[in-house]
Amino acid sequence: MSTATTIYATKGTMLDGDNVAVNYGSATTWNIGQQCTGFGCGTPTERSNAVLSFDVSAYTDPSAITVAVLNLTTAGVGHKGSAERQIYAYRLDQDFTEAEATWQEADDGGDWTGGTTVGAANNSAITQYSKS
């Protein structure tokens, strides 16, 4: 018989491709995915990523984890395109400091090892996932 356990993120922040040096660690809402900027914009031009960290150190046998569910809540759409978004989740292979991470840096003075122009996107590894 399986047991369900809820694990909350221990830290997280938005990485904004339009404001590459701004940290959003204390923000209560984030824009993530590609958004349209400007009146009548038909092509998404701004990209924002989110990085989250979960403490799973109590789980010493990763094969015992058979399902993981990430719940995201839409706070509003506003002026940045439609409500429909494709969101992908990947395992990040570099730690970050919540109050310091930006599009360019994982922490003050420490660049994302995958490059400073992709908002940690090159610091991810796809293992196995499905989306719905």
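**Figure 1. A nonpolar patch on the surface.** Ile-7, Leu-52, Phe-54, Val-56, Tyr-59, Ile-65, Leu-70, Leu-72 and Ile-87 make up a nonpolar surface patch, with about 710 Å² of accessible area together. Patches take residues with over 30% relative accessible area and no salt bridge; nonpolar side chains (Val, Leu, Ile, Met, Phe, Trp, Tyr) are joined within 5 Å, like charges within 9 Å. Areas come from the Shrake-Rupley method with a 1.4 Å probe, and for residues only the protein chains shown count as cover. A member of the patch, Ile-7, sits in the segment before S1. Ile-7 has a relative accessible area of 32%, so it is partly exposed. The classes are buried (under 20% relative accessible area), exposed (over 50%) and partly exposed (in between), with a 1.4 Å probe and protein chains only.

The model is predicted: local features need pLDDT of at least 70, side-chain atom pairs count only at pLDDT 80 or more, and totals for chains, interfaces and linings use all residues. Residues are numbered from 1 along each chain as its sequence is written, and side-chain values use heavy atoms, with hydrogens and water left out.

**Figure 2. The whole chain.** The chain has 7 strands and 0 helices. Its pattern along the sequence is β-β-β-β-β-β-β. Both element types are DSSP runs numbered from the N terminus: helices are H or I with at least four residues, strands are E with at least two. The chain has 132 residues, and 22% of them count as buried. Of the contacts with a separation of 6 or more, 59% join residues 24 or more positions apart. Contact means heavy atoms within 4.5 Å.

**Figure 3. Lys-11 and its salt bridge.** Lys-11 belongs to strand S1, residues 9–16. How many salt bridges does the count come to? The count is 1. Here a salt bridge is a side-chain nitrogen of Lys or Arg within 4 Å of a carboxyl oxygen of Asp or Glu. Lys-11 pairs with Asp-95, and the closest N and O atoms are 2.7 Å apart. The pair links distant parts of the chain, 84 residues apart: Lys-11 is in strand S1, and Asp-95 is in the loop between strand S4 (91–92) and strand S5 (105–107). With a relative accessible area of 56%, Asp-95 is exposed. A polar atom of the Lys-11 side chain also lies 2.5 Å from the backbone oxygen of Phe-96. Polar contacts are pairs of N or O atoms within 3.5 Å; within protein, one must be able to donate a hydrogen and the other to accept it, and residues adjacent in sequence count only if both atoms are side-chain atoms. Beyond four places in sequence, Lys-11 touches Val-51, Leu-52, Ser-53, Asp-95, Phe-96 and Glu-98.

**Figure 4. Thr-13, a buried strand residue.** Thr-13 is in strand S1. Is Thr-13 buried or exposed? Its relative accessibility is 0%, so Thr-13 counts as buried. A polar atom of the Thr-13 side chain lies 3.0 Å from the backbone nitrogen of Gly-25. Leaving aside neighbours within four places, the contacts of Thr-13 include Asn-23, Tyr-24, Gly-25, Trp-30 and Ala-101.

**Figure 5. The largest nonpolar core.** Which residues form the largest nonpolar core? The core has 7 residues: Leu-15, Val-51, Phe-96, Ala-101, Trp-103, Ala-106 and Trp-112. A nonpolar core is a set of buried Ala, Val, Leu, Ile, Met, Phe, Trp, Tyr and Cys residues joined through side-chain atoms within 4.5 Å. In soluble globular proteins, nonpolar side chains tend to be buried together. Ala-101 lies in the loop between S4 and S5. At 0% relative accessibility, Ala-101 is buried. Outside four places in sequence, Ala-101 touches Thr-13, Leu-15, Val-22, Asn-23, Phe-96, Ala-106 and Trp-112. Val-20 is 81 residues from Ala-101 in sequence, with 9.9 Å between their C-alpha atoms. By the same exclusion of residues up to four places away, contacts of Ala-106 include Gln-94, Phe-96, Ala-101 and Trp-112.

Figure 6. Ala-50 lies in strand S3, residues 46–54. Ala-50 is partly exposed at 34% relative accessibility. From Ala-50 to Thr-13 the C-alpha distance is 5.7 Å, across 37 residues of sequence. Apart from neighbours within four places, Ala-50 is in contact with Thr-13, Met-14, Trp-30 and Ile-32. Arg-47 is also in S3, and counts as partly exposed at 39% relative accessibility.
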